[in-house]
Amino acid sequence: GNMMGEELAKWVLLAYGLFMTTLVAGVVYGWQSFRAVFIAEGVLSEGCDADSADGECPSQAKELGLIFACGAWSVQACRMVTGLVRDRYGTRVCVVGVMLTVAVGIVLLAVSPPQSLAVFCVGYFLLGIGAGVQLCMQSISMLFGEYQGAASATLSGAFTLSAVIPLACAEAIKSVASDDDGGTASSYADARGGVLSAWCVTVVVFAASAMWLMPRGGEFRESVRYLVGERGGDEKNKREEKKNDDEDDEEDGDDESHERAPANAAKAANGHRRAPHEGKSAREQLVSLDFILLAAWFTVMLLPTNYFIISVGDQLEGMGDDDGEITRGFQLVWVISTVLSPIAGYSADVVGRGSTMTFAMGCYAASFAMLGFGGDGGGGLSLKAQWLNFVCFNVGRLWVFSMYFVSVGRLFGFRHYGTLAGAGLLLSAMSTPLAVPMHQSGVDGGFGESNLASAMICLGLTPYTVGWAWRREITEEGMRGFPAR
């Protein structure tokens, strides 16, 4: 008998995909939360001046920035590897492997000696590999036909939402440590071990659940059929099973099926727009000008993104945020901004990608202006008004990431999605290490110059988004015989 209808199965899978993505994919970006507890515990504080009155410690600030950079680098670079694994060995293998790798990273962060920079860096690097889960879940959006953009952006949103996990861990560590005995360094270390171990156990348990909920191949229709109950008896199921065996679970199975089964032709018209580069080999897609420009745009945009995240805690402290209250606000806004991610995908579906990208860059430039271009945070907004900045930055960042993932699907289809999205992410990882010297020069001599440079980068990219993307969309729509919009 049927366990559940196909509609319901789609939503169950989407919910499961969102949960798994939240649990591990973007946790690296909960850095402000980890940083606060690490500072409270005195992690990497060896080189600090014990009697400096304001508790500022440049060497600690720089080393902590390095830990984040390791994670931010692996979030980008390792998605190439996980993308290839997904395209080659299927979703199930990939998700389980990634989750177990993350579990190892969490253990390292839990047991690392407070002064060991290397163990923290390796642990945080492994944590970043969790981003591969989001890449695997991304093709769930295929099940949603013409709402593909919105579903895809919602999954990117879960990536953002995962900053809630470090936020929760940090609050738990604080409360355990202060209950213990007034919050000494050793009680912080014990709390870190306990709380992170609990998170690790959760990750392992859900890795096990992926064994039966994730499809063997790349197609989530397999999982839908599994949830509906294989012997739904109707012919369509059998035909699809057979089709999938013939095609060896090929990603793009759904196009071929429309061409073969005229019954589906009506659905094809509204359900699936053919991407301009569909049907080319992965290599042809990788060297197309469209891909090179998209990847270049994304790479350059990630430099201001990572620089902002590394430095925002230190910049706010420079403005007088001593108890870290406003920095916590940054993480809260980060998490709440998730609500907007379906809107980002929707605006790409409706307004067009070019204008949506331009909007994202405007948000970035504005948020750096609010931090201030002056020597010592001068010229920016006051500390209390930084909430505006957080909102601006998070909206911009959501839009940038959603635009990238939506554009790859839109321009190239989903057959080589893992490879293409991963290649762009790998390229973009190249710009991440540059954020480290920008941060360090800021720690030493004020952040104004780096802020100004970041805003300039965003403004410098407008010709691409306005000119190329707009022209591209009009010709693309014309080619497909869709009304240009």
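**Note on the structure**

1. Cysteine 94 is buried, since its relative accessible area is 2%; buried means under 20% relative accessible area, exposed means over 50%, and partly exposed lies in between, with a 1.4 Å probe and protein chains only. The cysteine sulfur closest to that of cysteine 94 belongs to cysteine 136 at 3.3 Å, which is too far for a bond. Accordingly, cysteine 136 takes part in no disulfide, the term being kept for a pair of cysteine sulfur atoms within 2.5 Å. Cysteine 136 also counts as buried, because its relative accessibility is 1%.

2. The model is predicted, so local features need pLDDT of at least 70 and side-chain atom pairs count only at pLDDT 80 or more, whereas totals for chains, interfaces and linings use all residues. Residues are numbered from 1 along each chain as its sequence is written, and side-chain values use heavy atoms, with hydrogens and water left out.

3. The structure does hold 1 disulfide. Its partners are cysteine 48 and cysteine 57, with an S to S distance of 2.0 Å. The disulfide is left-handed because the torsion about the S-S bond of cysteine 48 and cysteine 57 is about -85 degrees.

4. The protein chain contains 23 helices and 0 strands; both are DSSP runs numbered from the N terminus, helices being H or I of at least four residues and strands E of at least two. Of the 485 residues in the chain, 57% are buried. Among contacts with a separation of 6 or more, 80% are between residues 24 or more positions apart, where contact means heavy atoms within 4.5 Å.

5. The largest nonpolar core has 129 residues; such a core is a set of buried Ala, Val, Leu, Ile, Met, Phe, Trp, Tyr and Cys residues joined through side-chain atoms within 4.5 Å. Leu127, Met137 and Trp199 are among the residues with the most contacts inside this core. Setting aside residues up to four places away in sequence, leucine 127 touches Val24, Val27, Val28, Phe34, Val102, Ile106, Leu109 and Trp199.

6. Threonine 21 belongs to helix 1, residues 6-24, and counts as buried because its relative accessibility is 0%. Beyond its neighbours within four places in sequence, threonine 21 has contacts that include Val133, Met137, Leu155 and Phe159.

7. Helix 7 (residues 148-161) packs with helix 17 (residues 341-350) at an angle of about 145 degrees, their axes being 7 Å apart. Axes here are lines fitted to C-alpha atoms over the stretch in contact, and angles run from 0 to 180 degrees between N-to-C directions. Helix 7 contributes Gly149, Ala150, Ala153, Thr154 and Gly157 to the contact, and helix 17 contributes Ser341, Pro342, Gly345 and Asp349. By class, these are 3 nonpolar, 5 polar and 1 charged residues; Ala, Val, Leu, Ile, Met, Phe, Trp, Tyr, Cys and Pro count as nonpolar, Asp, Glu, Lys and Arg as charged, and the others, Gly among them, as polar.

8. Helix 10 (residues 221-228) is mostly covered, with 6 of its 8 residues buried. These are Glu222, Ser223, Val224, Arg225, Leu227 and Val228. Glycine 229 follows helix 10 and has a positive phi, near 100 degrees.
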